[in-house]
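Please read it alongside the sequence and coordinates.

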Amino acid sequence: MAAGVCVATDKSGQDRCVVVVKGTFALEGRGDARLAEVQEPLVSADVHRGDPGTTSLHFECDFAPFKPRADILVVGHAVSPSGKPVTESVVTLEFGALRKVIRVTGDRRWERGLLGLRASAPQPFIQMPLVYERAFGGTDLSHSDPRHHGAELRNPVGVGYRKNPDARAAEGTLLPNLEDPRQPISNWKDVSRPMGFGPIGRNWQPRISHAGTYDQRWMDEERPFLPRDFDTPYFLSAPEDQQVPYLQGGESLRCTGMTRDGALVARVPRLRFPVTFRFDGGDQSLEPLLDTLLVDADSRRMMLTWRASVPLGRKPARLREVLVGHQPVRLPPGRGEGKRHFKSLAEAVAAHRALQRRAGRS
């Protein structure tokens with residue numbers, strides 16, 4: 001698996017060494033996760049779907065200093081199970097007590113009717129990207145008066161948001177493709193909940209509400225450290241209804257409507273490994289927390305991310321080495337192959353059999 005390290009400053013001003021481990025797993029037919037031959041690298045900067053100012057996040061930077069809970073994320077498409085065009089479908093995400101449903105509708109526009117604007121008939125589709133650009137949101141700069149300009153701060157890259165009070169400005173514009181089935185849009189003035197399974201932007205609500213206050217007091221008293229009212233949920237990128245307790249392994253995620261061959265199931269493997277920080281004064285070993293699960297339904301892969309950190313103190317150079325995983329026994333200098341040591345009887349038997357096989361081949 002991929003592993004990386006960074007130094008981050010926490011809210012108290014303490015520098016911490018943060019280790020991130022990321023594993024990519026191929027999903028078998030029954031949901032079993034097999035370590036993929038090709039491992040995705042760690043993402044060192046946010047990856048957007050286009051221009052960062054006008055598109056949604058595809059993958060967020062993996063080097064969050066800390067997550068107080070776990071993110072459950074899904075990227076992919078709504079797919080017609082028959083392979084034939086449909087005008088509407090439903091996709092679901094289930095993980096423990098979490099169950100989220102999104103209604104997916106083909107492209108529609110507001111058109112003039114006898115009683116005002118109405119939604120046109122939806123256009124057929126075979127697959128629809130599950131992205132926030134297709135959900136309720138966006139900006140409205142259509143009025144000549146700036147007082148009627150505005151944006152949906154929960155999803156500024158979406159469609160359907162209206163601040164202009166003139167219905168003529170909405171005529172011919174798109175409706176969202178992704179909707180909450182409990183809150184469908186029926187009027188051009190409606191305000192709905194932005195729907196999606198992927199990561200939300202750092203400057204979107206409600207995430208940005210955890211970022212703290214950067215005012216004159218912060219400039220005078222706290223800069224360059226985080227403000228006093230900064231809260232760690234800011235580091236969580238999943239929608240709030242997709243944030244769960246840390247994962248332990250053995251949990252199952254189930255998605256429907258995203259593949260042509262039935263439900264997509266992903267079972268979290270039970271993996272335990274230490275992260276050892278070697279300081280001048282001794283070792284500190286931690287078991288990292290599994291705080292991010294991302295399923296790519298299109299490629300039937302799952303990415304898991306673990307995180308561990310320690311304070312560095314006033315002399316960061318005291319940290320000499322970071323070891324990830326169980327390490328082999330190291331022989332002292334000059335010992336050569338010498339006498340081998342094994343952690344268990346099973347390990348000794350396996351080594352003995354390997355020697356016998358090599359002797360048989362020779």
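Helices (H or I, at least four residues) and strands (E, at least two) are DSSP runs, numbered from the N terminus. The model is predicted, so local features need pLDDT of at least 70 and side-chain atom pairs count only at pLDDT 80 or more, whereas totals for chains, interfaces and linings use all residues. Residues are numbered from 1 along each chain as its sequence is written, and side-chain values use heavy atoms, with hydrogens and water left out.

**Largest pocket**

- On a 1 Å grid over the protein atoms alone, a pocket is an open set of points with protein on both sides within 12 Å along at least five of seven lines, a cavity is a set of points where a 1.4 Å probe fits but cannot get out, and lining residues have an atom within 4 Å of a point.
- Strand 5 (57-59), strand 23 (289-296) and strand 24 (301-311) each contribute at least two lining residues, and strand 24 supplies the largest share, with 4 residues.
- By class, this lining has 10 nonpolar, 4 polar and 8 charged residues, where Ala, Val, Leu, Ile, Met, Phe, Trp, Tyr, Cys and Pro count as nonpolar, Asp, Glu, Lys and Arg as charged, and the others, Gly among them, as polar.

**Enclosed cavities**

- The structure holds 2 cavities of 30 Å³ or more.
- The largest cavity, with a volume of about 40 Å³, has among its lining residues Arg49, Leu130, Tyr132 and Phe197, and the lining as a whole divides into 6 nonpolar, 3 polar and 1 charged residues.
- The second largest cavity also has a volume of about 40 Å³; residues lining this cavity include Asp215, Arg217, Trp218 and Glu222, and the classes there are 2 nonpolar, 1 polar and 5 charged.

**Two buried loop residues**

- Arg108 sits in the loop between strand 9 (98-105) and strand 10 (110-113), and counts as buried because its relative accessibility is 8%, the limit for buried being under 20% relative accessible area, with exposed over 50% and partly exposed in between (1.4 Å probe, protein chains only).
- The side chain of Arg108 comes to 3.1 Å from the backbone oxygen of Pro176.
- Not counting residues up to four places away in sequence, Arg108 touches several residues, including Ser120, Pro122, Leu175 and Glu179, with contact taken as heavy atoms within 4.5 Å.
- Phe230 is placed in the loop between helix 1 (216-222) and strand 18 (243-244), and is buried, with a relative accessible area of 5%.
- Although Phe230 and Ala211 are 19 residues apart along the chain, their C-alpha atoms are separated by 5.0 Å; leaving aside neighbours within four places in sequence, Phe230 is in contact with Lys11, His210, Ala211, Gly212, Tyr214 and Phe235.

**Cysteines**

- The structure holds 0 disulfides, a disulfide being a pair of cysteine sulfur atoms within 2.5 Å.
- Cys6 is in no disulfide, and the nearest cysteine sulfur, that of Cys17, is 7.6 Å away.
- The sulfur of Cys61 is too far for a bond because the closest cysteine sulfur, in Cys6, is 7.7 Å away.
- Cys61 is buried, with a relative accessible area of 17%.

How values were computed: Points joined across faces, edges and corners; volume = space filled by probe spheres on them. Polar contact = N/O pair within 3.5 Å; in protein donor to acceptor, adjacent residues only side chain to side chain.
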